[in-house]
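Here is a short tour of a structure, to be read with the model open beside you. Please load it and follow along.

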Amino acid sequence: MSPAPVVLVIEDDPDIREAIADVLVMAGHDVALAAHGAEGLAWLEAHPRPGLILLDLMMPVMTGYEFLEHVRADRRWDGIPITLFSADGRLDGRAIELGVASFLRKPIDLDDLLAAVDSQLGPQAG
Amino acid sequence: MIAARISTAIDNALLYEDAQQAVRARDEFLSIASHELKTPLTPLRLQIQKLRYLIRRGEPAAVSPEQILAAVEKSDRQIARVVALVEDLLDISRITAGRLTLHVEPVDVAALIRDVVERFAPSLADAGCTPDLSLPPDVTIQADRIRLDQVVVNLITNAIKYAPGAPLRIRLRRESDGGARLEVQDQGPGIAAADQERIFTRFERAVADVNKVGGLGLGLYISRQIAHAHGGDLVVQSTPGTGATFVVVLPAAPPVPQRDERAPLTPPDGQETAA
C-alpha cells in the first residue's frame, strides 16, 4: 500500500502554519511545512510529490507568486494541485486564471479548508 | 492676467496631484491594515473551530482538558496580536491629533532593555539572532516606561524581521548631559542612503516588495515620534551590505511642553507631557 499523500503547507506566519497543521493532522492528513516559497521548492526537490500544496501569497524570501512561477516552469511538478490562501479578497474568483485548484480567503474557515483538502485527497479516517 | 491664470492652473494641478497621491496612500494603507488584521484571525478562528469540530465528533472524551487549554492559550495569543495592531493604529491617530501623552517617571533603561530582550528570547532564538548586550547599570532617565519599552520592542522586532540569522548588538551609554544613547545594530542587508529617511515615514518599509514583508509599516514612524516627544531622536546609520544601526538618543528628562492652542493642555500635576 502506498503511503498517504502529504499536504505541503507553505506559509510564513508560524501561528497560521501551526494552526493549519493542527487541524489537518486532526482530520487524519500527513502534513509537511515550509516557511516561504524557497523552502517549499527545497522540500519538493527532496521528497516524493505531495498530494496537495497549500500556498500563502505574501511571504519573505520567495512569495507565493514567485513559487507558482517556479513550479509552472518545471515539468516535474506538473499536475500537483495547489490551493492558494490570502487575505486579499480581490483574488476571489481568480483561481482558474492563476491555474490553481482553489482559493481560500483569510481568515480561513475550517470547513472550507477541510473541503479544499478533501476534494483533492479524499477524506481521511481521522 | 494671463500669468496669474497660468499660475492658478498650475497650483490647481499640483493640489489635484497631491490629493490623488493622498487617496492612493490611504487605499494602500487600508489594504495593508486589513491584511494585517486578518492574519491573526486565521489561527484564532481555526483554534476555535477545531474545538467545535472535536466536540461535534461526539465521543464524551473527544476533547481533553489539555486540548482545550492549548487551544485557548493559542487563541489568547492571537487576540494579543490583534490588540497590538489596533494600538498601533490608535497611536497613529493620537500622533496625528497631537495627543501622544507621556507618563514620565524615573526609568532604569538597562533594566528595561534586559526585560524586553528576555520577553523576546524565544523569537530571537527562532530567528537565529543572538543578542550581544552592553548595558551599563547607571543609566536612569525621566521617561515614559511603556513608550520606551515600545521603542525597544519595535527595534528588536525589526531586526528579527529584516536581519535573521545574525547576532544583534545592543549598546547603551550614558551621555554627558545625563541622557541615554541606545544603539541597536543588526547585520541585515542594510538600508540605502536614499531610503534612510523614508523608512521613518508612515506605512513605509525597508524593502520595495510589500509581498515579502508583512506589518503595518508604522513601527519606526511611531518610535521616532516617541523619541521626539521625549525631546530626543531616532536615526539610522547604515551602508548597504553591512547591516544597520538604529540610534535612539534621549535627554535626561523630556522638555516642559509649550502651551499651544492646537495642543491639548498638560494635566495640572505636571507629571505628564504632550507631544
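Which residues line the largest cavity?

## A cavity in chain B

Before the answer, a reminder that this is a predicted model. The lining of the largest cavity is made up of Val109(B), Leu148(B), Val152(B), Leu172(B), Ala180(B), Leu182(B), Val248(B) and Leu250(B). Helix 5 (145-162), strand 5 (180-185) and strand 7 (244-250) of chain B are the elements that each give two or more residues to this lining.

By class, the lining has eight nonpolar residues, with no polar and no charged ones. The space inside the largest cavity is about 50 Å³, and the count of cavities of 30 Å³ or more is one.

## Helix 5 meets helix 6 in chain B

Helix 5 of chain B also packs against another helix. Its axis and that of helix 6 (residues 219-229) of chain B come within 9 Å, crossing at roughly 145 degrees. This crossing of helix 5 and helix 6 of chain B is left-handed.

From helix 5 of chain B, the contact draws on Arg147(B), Gln150(B), Val151(B), Asn154(B), Leu155(B) and Asn158(B). Facing them from helix 6 of chain B are Gly219(B), Leu220(B), Ile222(B), Ser223(B) and Ile226(B). Sorted by class, this helix contact holds five nonpolar, five polar and one charged residues.

## Where chain A meets chain B

Now to the contact between the chains. Chain A brings 31 residues to it and chain B brings 26. About 2400 Å² of area is buried between chain A and chain B, and carbon and sulfur atoms give 55% of that area. Met26(A), Met58(A) and Pro107(A) supply 25% of the area that chain A buries against chain B, more than any other three residues.

## A closer look at Pro107(A)

Where does Pro107(A) sit in chain A? Pro107(A) lies in the loop between strand 5 (102-105) and helix 5 (110-121) of chain A. The peptide bond leading from Lys106(A) to Pro107(A) is cis, its omega being near 0 degrees.

Definitions and conventions
Residues numbered from 1 in each chain as written. Chains lettered and ligands numbered in written order. Predicted model: local features only at pLDDT ≥ 70, side-chain atom pairs only at ≥ 80, totals over all residues. Heavy atoms only, no water. 1 Å grid on protein atoms, 1.4 Å probe; cavity = no way out; pocket = protein on both sides within 12 Å on 5 of 7 lines; lining within 4 Å. Points joined across faces, edges and corners; volume = space filled by probe spheres on them. Helix = DSSP H or I, 4+ residues; strand = E, 2+ residues; numbered from the N terminus. Nonpolar A, V, L, I, M, F, W, Y, C, P; charged D, E, K, R; others polar. Axes fitted to C-alpha atoms, helices over the stretch in contact; angles between N-to-C directions. Left-handed = near helix turned anticlockwise from the far one by under 90°. Contact = heavy atoms within 4.5 Å. Buried area = accessible area lost by both parts, 1.4 Å probe.
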